[in-house]
Each structure stands twice: as structure tokens, then as C-alpha cells.
Amino acid sequence: MIKVSIVVPVYNAGPYLERSAPSLLHQTIGQDAYEIVYVDDGSTDGSGARLDALAARHPGRVRVLHQENSGWPGRPRNVGVREARGEYVQFVDQDDELAPDALERLHRIAARNRSDIVLGRVAGTMAGPSNVFKRTVERCTAADAPLFESLTPHKMFRRDFLLSHGIAFPEGRVRLEDQVFMARAYVRAETVSILAGPPCYLWNRREDGGNTSSRATSPETYYGHLRTVVEEIKAGTDPGPLQDHLLRRSYRVELLRPVTEPRVLQRTGSTLEHYFTTVRDLALTAFPPGVRDGFPAITRLRATLLEEGRLDSLVELARRTRGITTHVTLDDLRRHDGRLLVSTTTSLLRPDGEPLTLHERYGRLLLDPDLLDGIKGAENWEVPHPLAYAYGELLVQDPDRDQWWFPDADLTPRTRPLGAGRHQVVVSGTTVIDPATLADGTELPPGAHLVWASAQLLGIGRRARITRPATDRPFLPATRVATPPRLLLPTWTAPHGHLTLTVGPPDHTSPLDHVLLHTATSPRLRRRARTFVKRLPSPVRSRLAPFARRFTRSGN
């Protein structure tokens, strides 16, 4: 029985086929449990012959279908689904790769829940951190999970689900074809599973800039296709709160982008007017009022200014909100049972460095008058729900390996009184970081891992460093963690004083290793150590070299 069919649309992939193919051919699910279906969309660079040679080397496991060029991945994917023999289909682009155990892990959770769709965590040069994959979710739907924040098709789908509902990609040169397909699927799926943990899909940016999604298009074409996405969501839902909720992502991310910084500040004259007119028409004709009214304060203000035709006000608002920054205070840092407890408070500051505030007037909360002063249409902007969509969390980044991890904790939003009727929205709380399990259930690897704070407040999203407190309290010493044991040292990375978790190599926890780790993470000590070592006799320097190299990676 074939459990999974990998469907790969191909057009002039060239050497990227050889880069991608090994990850598809060596899946741990078992050679008899899956197949690879390549659909050659009329390639002219010899990709078809490359695929035929690959199929000849792997008969039965690799199938190649050839067709005339259709101009876009939609038709080859649809053909692949129709011709697939697996219970599930996994879409993979010709430039990308799968983790070795991706199909095994994805199919296991799919079979356990008879899932219509399974989202596996995505990593790679085209993917940023996404808290959609913060936790594994066995069963959910678009009504109770943020599925519309993940609209790429690099997922596993139950084939009968797609066929029975007639869910297919639009064919031809259709921008946002992935979003059209995912909107059709999400609103009809009864069971969706989300698989956190190690990445399943590696989404790679091509060195030659040839990713299909990078091709330019006109505003009419792009937003005409966005209208199709909106229509698909409406077709699968009844008017009301759920439909409004599902439509907000398209409005917030796609529709408001041309009238939000930085783009509204980069375009001028007729070009800016063109984009503004196009998105305003779509806002007025395609989105119910409940979509706009459910946004947080600043997003709702942008939407209202757009629908009222106030382009100058949108430009001025963008100039001011561009300078809003996130302020993070480290309230406490301590250890407990081998874990780090990081207490933080995150808030927003105006461009002048003062807190972004809410002003209480006659029982109403109004958005900061100093921020909005002189912006027509923004006067006395009321904030009836100051904690709407307010959210905060910490992230840990491994910059050397391009990995992000989410400690399993959420911060709590609240309003903080500042006096004289002024209030500030903040997110605060304690995040537990377990170095033995943070890296997708395993211990943090050796190296320097940066700790970030991320927050969404009043419709402003920012990520900021956690920096050295002004009090400069004594820092925690290195300690032994995980199995096999290794040293963990919280420290501040120069030049920004960024909170960093530095991990030494396994089984190196001697007193000398403690000294080397502290030296590697302190610029001042590193300078002194280099000066000291240079003065030593050559034989002594040679004997010290292996110890120094051991922690070079950790201290960078």
C-alpha cells in the first residue's frame, strides 16, 4: 500500500533537481510506502531528460509525467494529484527538500487522526519563525487555530479529501494560486493536524532568484486574484464572525500592505495613487464591515482611513508608526531545576522615546493623541478593546544553523496605568527555557543562541533584543545541563548587549572548560587572553590551541 505520493511540479529546474531529489528518495517511511510523481511542465532546459534518467534508476518509486507548458505550477500539481496512488499527497517544489523522516512523522499523525490536512514545520532560507508550529496540535480547524497564517501548499493532504470536494489549484498564470488552493481546503477541512518539533520541509531560496513567487505583476492582476481568495473563503463559510475572522488575514497582510510602512513611504505620485485606488476598491466591495471592525486599534485605523479615501493620512500615519519601537525589560533571570526562568515586560515606545499610551476620556480609551495629532480622520480614535490580538512570547535563535525555537509559554497582555488617565498596553510574564528539550525536544546544540522578545500590541508587531538591564545585576555563572552534560552560560553578546545562551561541547565541564567558556563569551576577557597567549612560549601555545578551538564557535 502506498501511503504517500510526493507531487513535484517541474519547469526548467536544471541542477536544482539533483539538489532536491536525494531528500525525496531517502525517506525513512520505507521505500514501498511512498512514491515520487514528477510532472514536467514542458521544460526546455533538459529537465525532462534528467527526470526520465532518475525514474530509470528508481523504477516503481519515481514516475515522470510530461505535458505541454501551462505557465505556472497549478496544472502540474493538479495532474499529480489525479495520477497519484497514495492515500496522502505531499506537495514539494522543485527547489526544496524534505527532512529524512518528514513523511514518516507527517503520515503518523495523519493516520492517527484521519486528518484532511497536516501542517509540518517549515524551515530554510525562504521561511521565518512561525508560532503556528509552536505546539503540536492533533486535531483542529480553521475556526479554532491560526491556519490562515500558513498559506503555502507545502503540506500533506488526504487525496480523497481533495478529490471529493473538487479542491484544485487554479491553472494558468494565476498569482496567489497557493492562497486560493489553501482557502478552498481550509474552509472544508474537518480535521487538520499541526506537527511541531523538527522541521519537515526545507523551503529554499534559489541563488539565481528564480523562485516562481518572486515574479512581478500589476496591482489589478494581483488584487484581482486576491478577490478570488476572498470569494473562496466566503463560498465555504456563512456570513458572520467566523467568516470575518478568516478574512482578516487577507485584509491585514495583503490589502493593507501598499498603504502601510514601508511601501506607502517608498511609492509616490501616480504609482502610489494607483495602488491606493486598487486596494480601496477591493476593501469597499469585497470585505464585510465586521472584518475591519474586529482589528486591533492601529490596524482598524488604517482600514478606516483606507475606506474613507484618506491617502495623505495613511502616509502620515505610516511615517509616525515606522518609528515605534519595542521596549523590553528583563525583570528577572534565575535558574530552577536546570531550567532558566526569564521574566520580561514588553511595551511600545513612540518615535520620541515616550510610551505609546491610551488616554481615558469620559469612560473611553483613546489612542495616543501625541501620535495622531494633525492626522485627519484619526482624531479621538477610540480603542474599545485594547487587548484585542495582544500577544507576546520569547524566541531563541541559533543564527549559525538558521533555526528558531519557541519555549512553550505565552506572555499575558494587560493595561498598565501610568497616571493622569494614561494607560499602556504591555505583555509580561515568565518564560521557562529548558536547554535540555528546547531544540525540538532535544538539548541545545553547542553555540551562541540569541533570545528575542516578540510582541503584537495595538496592531503593531515587533521583535526586539532582550538587552542588559540598566542595574547591571550580577549574571548567572555557567552550569551543567542536559545529557551528556554540557555547560550553559547566559551572557550578553557584544555590541548590543543581547541576551545569549552559550552552550559548550558535550562532556567538557571541567574547571578549565568553565574558564574557557567564560573567556570565549567576554570580549574583554578574550582580548586579554589573546594578549596573554601571545606572550607564552610556542610549545605552550600549541598545547593550549585545542582547548581554545573547542570554544571558538561558542564565543562567536
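Start by selecting strand β14, residues 358-361, together with strand β19, residues 422-433. The two strands pair in the antiparallel sense, over two bridges. This is a predicted model, so keep that in mind at each stop.

Zoom in on His 359. Which residue is its bridge partner in β19? Arg 422 is the partner of His 359 there.

**Next stop: the hairpin**

Now pick Arg 361. Across in β15, Arg 364 is its bridge partner. Two residues lie between β14 and β15, which form a hairpin. Select Tyr 362 in the turn: its phi is positive, about 55°.

While the strands are on screen, look at their side chains. In a regular strand they alternate between the two faces of the sheet.

**Next stop: Arg 292**

Move to helix α11, residues 289-293, and select Arg 292 within it. Is Arg 292 buried or exposed? Arg 292 counts as buried because its relative accessible area is 19%, and the cut-off is under 20%.

Show the side chains of Arg 292 and Glu 307. They make a polar contact at 2.7 Å.

Select Cys 140. This residue is buried, with a relative accessible area of 6%. Then select Cys 200, also buried, at 1%. How many disulfides does the structure hold? The count is zero.

Note on methods: Residues are numbered from 1 along each chain as its sequence is written. This is a predicted model: local features need pLDDT of at least 70, side-chain atom pairs count only at pLDDT 80 or more; totals for chains, interfaces and linings use all residues. Side-chain values use heavy atoms; hydrogens and water are left out. Two strands pair if DSSP finds at least two bridges between them. Helices (H or I, at least four residues) and strands (E, at least two) are DSSP runs, numbered from the N terminus. Buried means under 20% relative accessible area, exposed over 50%, partly exposed in between (1.4 Å probe, protein chains only). A polar contact is a pair of N or O atoms within 3.5 Å; within protein, one must be able to donate a hydrogen and the other to accept it, and residues adjacent in sequence count only if both atoms are side-chain atoms. A disulfide is a pair of cysteine sulfur atoms within 2.5 Å.
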